[in-house]
Number of protein chains: 2
Amino acid sequence: MDKTTEEKIYEAARRIFILKGMDGTRMQEIADEAGMNKALLHYYFRSKENLFKAVFKDTFSKFFNKVRETLISDGTTSDKLTAFIEYYVDLIQANPYVPQFIINEINRDPQVMKSQMFESGIEPQNIIELLTKGKGSEKLSKMDPRHIVVSLLGMLIFPFAGRPLLQMVYFNDDPEAYNQFLSERKEVVKNMILKMIEE
Amino acid sequence: MDKTTEEKIYEAARRIFILKGMDGTRMQEIADEAGMNKALLHYYFRSKENLFKAVFKDTFSKFFNKVRETLISDGTTSDKLTAFIEYYVDLIQANPYVPQFIINEINRDPQVMKSQMFESGIEPQNIIELLTKGKGSEKLSKMDPRHIVVSLLGMLIFPFAGRPLLQMVYFNDDPEAYNQFLSERKEVVKNMILKMIEE
DNA sequence: GTCTATATGGCGATAGAC
DNA sequence: GTCTATCGCCATATAGAC
């Protein structure tokens, strides 16, 4: 436990913001989670909005860049997609509330994402070229690669975002049964997506 | 415009709550949207939570029952799924923020969903049987039907929930291009899901 | 039923002691 | 750097005139 006070605040804020969002989070709750006084949060980050933006920007770029990196890697279409599924399911499993957090906050205030992408120097147009060309690999399939990526992301994220509902309706609210379902998800989605891109 | 005051309040509340959620909504904003004084909201609904629950329960059961109805209909697997996609895309297109609203609020307070399902007399266990058996139709496919339904819902909902991000990254922030993408979605998902369940 | 005015509590933020 | 105490504001909710 040799973390600095600033790190403790940041990590507590990250946990609470990701769970409850900007609107649902109270500075007092972050202070409690960090085990210190509310005034210290303002001493280190000046405002709730500042603290939130620090959390959002880190969280967003981490998740976003992983999609990017995997899709520009070398290899066949199948290799790229299976590698992506492998990595991304693990990432979501370790951070199950992050995708929904990102989606919510972007809908609440799209400007935060846009300034973040600007600061990172990301060129939107490049993303499409990366998807269609790839470094020396064949095309992603005859389908519009954007439909493939959107379908894939939806299939991977929805079981986590919709967990309380799905667990209740399809698994009689049994958490263990739902964990089992989630652990099958990687192979199931791999098979589905490979069938989808077959000619 | 012969709506009652209560109806005007309810419809204004529905618009705002669905856009901004329980935490992000102010009673003043609902009053402005309804074109009347804030005190009237409390006169008719007593509290913000009451008003919210009225909106949530209606919205939830409408969307939920549509999944249910379509999946218990007669017909082959393909018929069921294509009918479902047809209907659900239109439903989301007319209410693009509703799925995300439902998911968010259920995560925020799962109890609201549970009491709602209890009041509606929905038996969770029945849902699974409906999926696997269906009224006189063959089985949904050799795959676990829950994986199919979860994938399908993810593929349909994600393009709407993630719109600001996806439109920015893959469509250079061009709304018209994204609308075009959404209008292709119905056929694309039909083709994908039918390939997925092929033997 | 509908309004204005106000009570009440909570939250973000700051002042100031240590 | 860290705490206690408090300010100022805003949000829900209510009181009371019309």
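This is a predicted model: local features need pLDDT of at least 70, side-chain atom pairs count only at pLDDT 80 or more; totals for chains, interfaces and linings use all residues.
Local features need pLDDT of at least 70, side-chain atom pairs count only at pLDDT 80 or more, and totals for chains, interfaces and linings use all residues. Residues are numbered from 1 along each chain as its sequence is written, while chains are lettered from A and ligands numbered from 1 in the order in which they are written.

Chain A holds eleven helices and zero strands. Helices (H or I, at least four residues) and strands (E, at least two) are DSSP runs, numbered from the N terminus. The order of elements in chain A is α-α-α-α-α-α-α-α-α-α-α. Along the principal axes, the C-alpha atoms of chain A fill a box of roughly 60 × 45 × 35 Å. Of the 199 residues in chain A, 36% are buried. A residue is buried if 20 or more other C-beta atoms lie within 10 Å of its own, exposed if 12 or fewer, and partly exposed in between, with C-beta atoms placed from the backbone. Two residues are in contact if their C-beta atoms, placed from the backbone, lie within 7 Å. Among contacts in chain A between residues at least 6 apart in sequence, 62% join residues at least 24 apart.

Chain A is divided into domain 1 (1–46) and domain 2 (56–197), with bounds that come from an automatic or database domain assignment. The centres of domain 1 and domain 2 of chain A, taken over C-alpha atoms, are 28 Å apart. Their contact takes four residues from domain 1 of chain A and seven residues from domain 2 of chain A. On the side of domain 1 of chain A that touches domain 2 of chain A, three residues are nonpolar, one is polar and none is charged. In these classes, Ala, Val, Leu, Ile, Met, Phe, Trp, Tyr, Cys and Pro count as nonpolar, Asp, Glu, Lys and Arg as charged, and the others, Gly among them, as polar.

The largest nonpolar core has 102 residues. Such a core is a set of buried Ala, Val, Leu, Ile, Met, Phe, Trp, Tyr and Cys residues joined through C-beta atoms within 7 Å. A:A13, A:L156, B:A13 and B:L156 have the most contacts inside the largest core. Leaving aside neighbours within four places in sequence, A:A13 is in contact with A:I30, A:L51 and A:V55. In chain B, B:A12 is found in helix 1. B:A12 counts as buried, with 20 C-beta neighbours inside 10 Å. Not counting residues up to four places away in sequence, B:A12 touches B:I30, B:E33 and B:A34.

The two chains are related by symmetry. Chain B superposes on chain A by a rotation of 180° with 0.0 Å of shift along its axis (RMSD 0.1 Å). That is the relation of a two-fold axis. The superposition is by least squares on the C-alpha atoms of residues with pLDDT of at least 70 in both copies. B:G154 comes closest to the rotation axis of the residues of chain B, at 2.1 Å (C-alpha).

The contact between the chains takes 40 residues from chain B and 40 residues from chain A. Helix 9 of chain B gives the largest share of the side of chain B that touches chain A, eleven residues. That side has 24 nonpolar, ten polar and six charged residues. The copies meet through the same surface, because 100% of the interface residues of chain B are also interface residues in chain A.

A residue is near a strand if its C-beta atom, placed from the backbone, lies within 6 Å of it. DNA strand D is surrounded by 16 residues, the closest being A:T5, A:A39, B:M27, B:S47 and B:K48. Helix 3 (38–45) of chain A gives two or more residues to this surface, as do helix 2 (27–34), helix 3 (38–45) and helix 4 (48–72) of chain B. The surface near DNA strand D has six nonpolar, five polar and five charged residues.

DNA strand C is also surrounded by 16 residues, and the closest are A:M27, A:S47, B:T5, B:N37 and B:A39. Here helix 2 (27–34), helix 3 and helix 4 (48–72) of chain A and helix 3 of chain B each supply at least two residues. The surface near DNA strand C has six nonpolar, five polar and five charged residues.

One backbone feature remains. Most residues other than glycine have a negative phi. A:D173 has a positive phi of about 60° although it is not a glycine. A:D173 lies in the loop between helix 10 (163–171) and helix 11 (175–197) of chain A. A:D173 is partly exposed, with 14 other C-beta atoms within 10 Å. In chain B, phi of B:D173 is near 60°, a positive value.
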